[in-house]
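This briefing is meant for a reader meeting the structure for the first time. Please keep the sequence and the model at hand while reading, and look up each residue as it is named.

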Amino acid sequence: MQPRNMSMSGVVDLAAVKAAGEAKAKAEQARAESARQGGSGAGAAAAGAVPPSALVIDVDEAGFERDVLQLSNEVPVVLDFWAEWCEPCKQLSPLLERLTVEAAGRVVLAKVDVDANQMLMQQFGIQGIPAVFAVVAGQVLPLFQGVVPEQQIRETLAQLVQVAEERFGLIGLQVDPGAEGAPAAAAAPPAGPYDALLEAAVVALDAGDLGGAVQAYKNVLADDPANMEAKLGLAQAELLSRVQHMNPQAVREAAAANPRDPQAQIAAADLDLVGGHVEDAFGRLVGTVRVTAGDERDAVRVRLLELFEVIGADDPRVSAARTALARVLF
């Protein structure tokens, strides 16, 4: 593992990457929906939920690849470099642990004892501790050095979560609400005011009225931009709407003849996905990101994230494609 040798000059301005407030809300809705489907307690654990104790881990050089780099493809990993003799560390580390548990799966805290892991300390170019970094999709971001105010840490973690969701669609880990130490679960919300509109969208989809379904989902999102059911339904309806009038042969011939044409590859990827060729669709767009730049690259990346939503964040093919996307973006 060869992390970048980044300077440590206070908190990094992660807001330089376009924030995604709606993406954050989408991730929260996805976790809530997953919890409702999986149940609580043992049922949630069986569905892949983790206990709060799994959100704060000790890592060493031997396990860094598995415990940090691989995990960072699912959730942002915050690295806390500390030592037993470091008095400021004794102030910062408990605060980081508490904020990590409060974040309920949006981030994981990995604690690195520098006395036992001198090589990691050297690789990260650390001159003093406590020092805090983040790893997102295998990429290192310096956050801050020394003890900083709690509100500043909260803002930095919020920006980190937004970066992970905006760039890679990472929604973090599902936390088992029945495990000891889990944050108190909020009361289940009452039935929303959009049930009739959502039902109308489903009926329109079943009837093949894709325009009507798209409009129904948009009507919900106009008032409730974070409504996860409407977001996912809209992604599916728009995908079907895009391909319904395509000439598959012409689209595929255009894509084969123009491998660097973003729009040709996007259209072919839509057809791939509708035809059930999920990995082909993802691979096509990842390959197109590799050979494009600027606005064209961003258009392909955005379409890939939209297709991730159609398939679902928990699908292993999505996780694999996120990893591949991270490799070509950096």
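Where is the place of A137? A137 sits in the loop between β4 and β5 (139–145), and the model in which it is found is a predicted one. The protein chain has 14 helices and five strands, and buried residues make up 48% of its 330 residues. Among the contacts in the protein chain with a separation of 6 or more, 72% are accounted for by residues 24 or more positions apart.

**Backbone features in the loops**

- A137 has a positive phi of about 50° although it is not a glycine, and with a relative accessibility of 6% this residue counts as buried.
- A104, which lies in the loop between α4 (87–102) and β3, likewise has a positive phi, near 55°, in a residue other than glycine; with a relative accessible area of 25%, A104 is partly exposed.
- The peptide bond that joins I129 and P130 is cis, with omega about 0°, and P130 belongs to the loop between α5 and β4 (131–136).
- As background to these features, most residues other than glycine have a negative phi, and most peptide bonds are trans.

**The disulfide**

- A search of the whole structure finds one disulfide, and the two residues that it joins are C86 and C89, with an S to S distance of 2.4 Å.
- The link of C86 and C89 is right-handed, with 80° about the S-S bond, and both of these cysteines are buried.

**Helix α6**

- T156 of α6 is buried, with a relative accessible area of 3%, and although T156 and L143 are 13 residues apart in sequence, their C-alpha atoms are 7.5 Å apart in space.
- After α6 comes G169, whose phi is positive, near 65°.

**Helix α7**

- Helix α7 covers residues 195–206, and its 12 residues should span 16 Å at 1.5 Å a residue; the end C-alpha atoms are 17 Å apart, which agrees.
- L198, A201, A204 and L205 are the buried residues of α7, and because they cover an arc of only 120° around the axis, they lie on the same side of α7.
- The buried residues of α7 pack against α8 (210–223) and α9 (228–243), whereas the face turned away from the buried side carries the exposed residues A196 and D206.
- After α7 comes G208, whose phi is positive, near 80°.

**Nonpolar cores**

- The largest nonpolar core has 49 residues, and those with the most contacts inside it are V78, F144, I153, F168, F282 and L325.
- A second, separate core has 30 residues, and among them are L55, F64, C89 and F133.
- Apart from its neighbours within four places in sequence, F282 is in contact with L273, L304, L307, F308, I311, R317, V318 and A321.

**Buried polar residues**

- Q265, in helix α11 (residues 262–274), counts as buried at 5% relative accessibility, and its side chain makes a polar contact with the side chain of R284 at 2.8 Å.
- Not counting residues up to four places away in sequence, Q265 touches A255, N258, P259, R284, L285 and T288.
- N117, in the loop between β3 (108–113) and α5 (118–123), counts as buried at 4% relative accessibility; not counting residues up to four places away in sequence, N117 touches V59, D60, E61 and V112.

Terms used
Residues are numbered from 1 along each chain as its sequence is written. This is a predicted model: local features need pLDDT of at least 70, side-chain atom pairs count only at pLDDT 80 or more; totals for chains, interfaces and linings use all residues. Side-chain values use heavy atoms; hydrogens and water are left out. A disulfide is a pair of cysteine sulfur atoms within 2.5 Å. Buried means under 20% relative accessible area, exposed over 50%, partly exposed in between (1.4 Å probe, protein chains only). Helices (H or I, at least four residues) and strands (E, at least two) are DSSP runs, numbered from the N terminus. The expected span of a helix is 1.5 Å times one less than its number of residues. The arc is that of the directions from the helix axis to the C-beta atoms. Contact means heavy atoms within 4.5 Å. A nonpolar core is a set of buried Ala, Val, Leu, Ile, Met, Phe, Trp, Tyr and Cys residues joined through side-chain atoms within 4.5 Å. A polar contact is a pair of N or O atoms within 3.5 Å; within protein, one must be able to donate a hydrogen and the other to accept it, and residues adjacent in sequence count only if both atoms are side-chain atoms.
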